Amino acid sequence: MPDRALLACRALDAVPLLLGAHLAAASPEGVVVVRITEVEAYQGVEDPGSHAFRGLSRRNAVMFGPPGHLYAYRHLGIHTCVNVVCGPDGEAAAVLLRAGEIVEGRDLAWRRRSGRGMVRTDVDLARGPARLTVALGLGPEADGADVLDPAGRVTLRVPATPAPSSAVRSGPRVGVSGEGGDGRLFPWRFWLDGEPTVSAYRRAAPRRRAGGAQLAGAPDCAHEPEE
């Protein structure tokens, strides 16, 4: 279990700690553990792709709190995505958990995923942020969960040695429109090289106003759920 101070850093600096980390979720059905293989970094008010870009709101309040908590939200009112909050208390930053490998509780993960949609192989069980939360049994109620509390339902264990830069690849974030989705400015999606569980890249679909006018450059944090 990492010390909270270890995550009191910028989102980009938290990435090597979280790639290869194990996130475990316990429930009356059992325990499922995912080894994280893909993430995205979001740096609060400095980042036009972040939910916190325009400041504190009721929705994003957890991002402005102490590190080591989950920021969970509904995407499109259907899918839950989870982020690990990092940075000092009061400075919003978080890392979206995009994909991973089920290393414990595979049968339970299969039952959950099969009940929500098609799943073909073990590789697909947590390959995408919505699939990951379904496999773990996490919903919006996970918002604010302290993953550094050893007695908590959801717990995080980071590798003894952070992922080396030689093993990490990066590119544009998935489903983020506007400036925040520009891979030249924000190549802030990171994954472990060679991992089959890493999700496919998809660009953001342009948002349109009523009547069909396109909204140019409007950040919406529309992470593709890949469900």
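## Overall fold

The protein has three helices and eight strands, where helices (H or I, at least four residues) and strands (E, at least two) are DSSP runs numbered from the N terminus. Along the sequence they come in the order α-β-β-β-β-β-α-α-β-β-β. This is a predicted model, in which local features need pLDDT of at least 70, side-chain atom pairs count only at pLDDT 80 or more, and totals for chains, interfaces and linings use all residues. Residues are numbered from 1 along each chain as its sequence is written, and side-chain values use heavy atoms, with hydrogens and water left out.

Of the 227 residues, 52% count as buried. Buried means under 20% relative accessible area, exposed over 50%, and partly exposed in between, with a 1.4 Å probe and protein chains only. The accessible surface of the protein is about 10,100 Å², and carbon and sulfur atoms supply 51% of that surface. The areas come from the Shrake-Rupley method with a 1.4 Å probe; for residues, only the protein chains shown count as cover. Among contacts (heavy atoms within 4.5 Å) with a separation of 6 or more, 65% join residues 24 or more positions apart.

## Helix α1

Helix α1 spans residues 11-18, and its buried residues are Ala11, Ala14, Val15, Leu17 and Leu18. They lie on the same side of α1 because they cover an arc of only 170 degrees around the axis, the arc being that of the directions from the helix axis to the C-beta atoms. These buried residues pack against β2, β4 (79-85), β5 (94-104), β6 (154-157) and β8 (189-192). Just after α1, Gly20 has a positive phi of about 90 degrees.

## Asp47

Asp47 sits in the loop between β2 (30-42) and β3 (70-75). Asp47 counts as buried because its relative accessibility is 0%. A polar atom of the Asp47 side chain lies 2.9 Å from the backbone nitrogen of Gly49.

Leaving aside neighbours within four places in sequence, Asp47 is in contact with Ala41, Tyr42, Phe53, Arg173, Phe186 and Trp188.

## Cysteines

The structure holds zero disulfides, a disulfide being a pair of cysteine sulfur atoms within 2.5 Å. Cys86 is in no disulfide, and the nearest cysteine sulfur, that of Cys9, is 5.5 Å away. With a relative accessibility of 1%, Cys86 counts as buried. Cys81 is also buried, at a relative accessible area of 0%.

Key:
Polar contact = N/O pair within 3.5 Å; in protein donor to acceptor, adjacent residues only side chain to side chain.
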